[in-house]
Amino acid sequence: MSEKNCVIVVGAGPAGSSTAMGALRAGAAVTIIDRKTNVGIPVQCGEAIGKTGPGLAEISVPEESIRATVRGFRVYSPGQIAVDYAEKEPSGYIVDRRVFDKELFARATEAGADSLLGARFLDITRSKGVVNGVIVRHDGQRKTLEAKVVIGADGVNSQIARFTGLRKSYKPADIDSCFAYEMANCELEVTDLMEFLLGNEVSPRGYIWIFPKGNGRANVGIGIGGTIETKTAKEYLDHFLKHHDVAKRQLSQAKVIEKRVGALPVCGPNKTNVVDGALLVGDAAGHVHPITGGGMGYAMVCGNIAGRVTAECIMKGQVSAKHLQQYEDEWRKIYGSEFEQSLKLRELILKTDDATLDKLAGIVTGESIVRMTAGKKVKIFMKAMATGDKHLIALMNELRKLRMV
Amino acid sequence: MPPTTSTKKSTKKLADIDGELCGICQACATVCPVNAIEVTESYLIVIPEKCTGCGVCVKVCPVGAITLIER
């Protein structure tokens with residue numbers, strides 16, 4: 001490994017590997033480091049990814065990681081009113097993250113990135129206030145790795161974010177606490193839709209998901225708000241599996257083949273993700289959809305931008321925040337309003353009681369859910385007025401303030 | 001054991017992570033206001049010198065692996 005790396009990417013997940021590939025394509029030298037020695041393990045995710053993100057990032061989804069193709073979703077309201085959305089053609093995949101992450105990482109190294117696994121981040125180094133490297137513990141030794149730019153792709157608990165001051169600790173309300181089982185022997189009613197279940201009883205401030213993984217297997221999980229103290233995420237999921245109609249119909253014979261835990265930022269992107277000599281990508285940057293919790297697509301697209309911009313800045317010899325800001329500007333141009341709108345929508349949904357959500361489920365189509373979660377306008381105002389329900393109409397007025405109906 | 005050198009507000013509580021339940025999701029670490037939970041290759045550790053015993057980590061653990069114990 002070279003002593004003076006141009007770019008050090010901390011974290012070998014999809015965000016890190018995508019960033020590395022972007023930087024390599026633009027001519028920079030890259031070293032990816034990771035605390036772990038097994039990339040992709042443990043899996044901490046619903047494993048769903050749309051086709052759009054990888055397409056924009058020009059990174060193909062590794063064939064060998066694909067477990068199922070999906071065409072859309074089925075959302076169950078608290079009172080179990082199902083709303084379906086399905087496109088004619090597959091619009092996304094459920095992948096095996098162990099394979100997905102590993103393959104992206106392998107590709108990044110094949111494209112020229114150096115790798116250093118089992119390297120635990122200890123500190124950043126600075127010269128005249130500009131980040132210029134990291135200190136890690138590797139093979140029992142403390143090592144300093146120099147860099148022109150350090151990229152934090154180190155997830156929700158990003159140490160690069162903390163050490164650069166780009167983010168302090170999250171408030172519990174700003175994260176979702178997740179628990180999931182990978183299950184075999186499932187009897188899914190639909191094998192090409194992702195199922196979501198909402199409701200205060202089922203999963204307060206979050207949702208339960210059932211994602212098909214082919215051959216009777218599924219990723220079944222829950223994310224609940226970090227402020228929920230009544231029960232743990234695991235207890236909510238276990239209760240669901242035992243008592244809920246939707247689970248009884250599909251998962252009564254299912255067996256657990258893997259247990260997973262995770263945490264998600266659901267408060268939108270950090271105010272800024274650049275400082276002199278460093279930037280953040282992926283979950284570390286808060287690039288997670290505040291409602292769906294999806295993050296892989298954003299990680300790939302924004303990572304790709306970050307890599308290219310970093311390489312360009314290094315070529316020009318200008319790695320200050322002012323110049324790295326180009327990355328912020330570019331990703332915000334694509335996703336800025338989507339994050340802003342869906343954050344407001346999230347707040348609104350959290351305020352809405354279960355009975356009103358049921359009424360909403362009665363008038364929305366799958367199409368409108370897609371538009372809403374993308375922060376776009378929907379035509380449901382007249383339908384809501386026609387119900388004459390004052391809670392639903394009040395909700396519409398709130399949505400109108402957000403210019404979403 | 002309370003460290004004698006601690007400058008933190010003295011509390012009698014300390015976060016304790018049950019290694020058998022913990023799945024290393026780091027939810028606890030993300031909300032820790034003093035960055036007292038460190039991640040090694042295969043487990044999480046609470047740095048007693050940093051932990052103030054505030055208990056915010058207990059709330060967010062998806063499996064209930066964290067308890068506050070007496071120092």
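Angles under 35 degrees count as roughly parallel, over 145 as roughly antiparallel, 65 to 115 as roughly perpendicular and the rest as oblique. This is a predicted model, so local features need pLDDT of at least 70 and side-chain atom pairs count only at pLDDT 80 or more, while totals for chains, interfaces and linings use all residues. Residues are numbered from 1 along each chain as its sequence is written, and chains are lettered from A and ligands numbered from 1 in the order in which they are written.

**View 1. Helices α1(A) and α3(A) side by side.** Helices here are DSSP runs (H or I, at least four residues), numbered from the N terminus. The axes of α1 (residues 14-25) and α3(A) come within 9 Å and cross at roughly 20°; axes are lines fitted to C-alpha atoms, for helices over the stretch in contact, and angles run from 0 to 180 degrees between N-to-C directions. That's why α1(A) and α3(A) count as roughly parallel. Their crossing is left-handed (the near helix is turned anticlockwise from the far one by less than a right angle). On the α1(A) side look for P14(A), S17(A), S18(A), A20(A) and M21(A), which meet D101(A), L104(A), F105(A), R107(A) and A108(A) of α3(A). Contact means C-beta atoms, placed from the backbone, within 7 Å. Sorted by class, this contact has six nonpolar, two polar and two charged residues (Ala, Val, Leu, Ile, Met, Phe, Trp, Tyr, Cys and Pro are nonpolar, Asp, Glu, Lys and Arg charged, the others, Gly among them, polar).

**View 2. A108(A) in helix α3.** A108(A) sits in the helix spanning residues 97-110 of chain A. It counts as buried because it has 27 C-beta neighbours inside 10 Å (the cut-off is 20 or more other C-beta atoms within 10 Å). Leaving out residues up to four places away in sequence, A108(A) touches S17(A), A20(A), M21(A), I32(A) and A113(A).

**View 3. I151(A) and the largest nonpolar core.** Such a core is a set of buried Ala, Val, Leu, Ile, Met, Phe, Trp, Tyr and Cys residues joined through C-beta atoms within 7 Å. Of its 142 residues, V150(A), I151(A) and V281(A) touch the most other members. Helix α7 (residues 296-316) of chain A gives the largest share, twelve residues. Beyond four places in sequence, the residues touching I151(A) include V7(A), V9(A), L279(A), V281(A) and A306(A).

**View 4. Where chain B meets chain A.** Here 21 residues of chain B are in contact with 28 of chain A. On the chain B side, α1 (27-31) and α2 (56-60) each give two or more residues, with α1(B) supplying the largest share, four residues.

Key. Contact = placed C-beta atoms within 7 Å. Buried ≥ 20, exposed ≤ 12 C-beta atoms within 10 Å, placed from the backbone.
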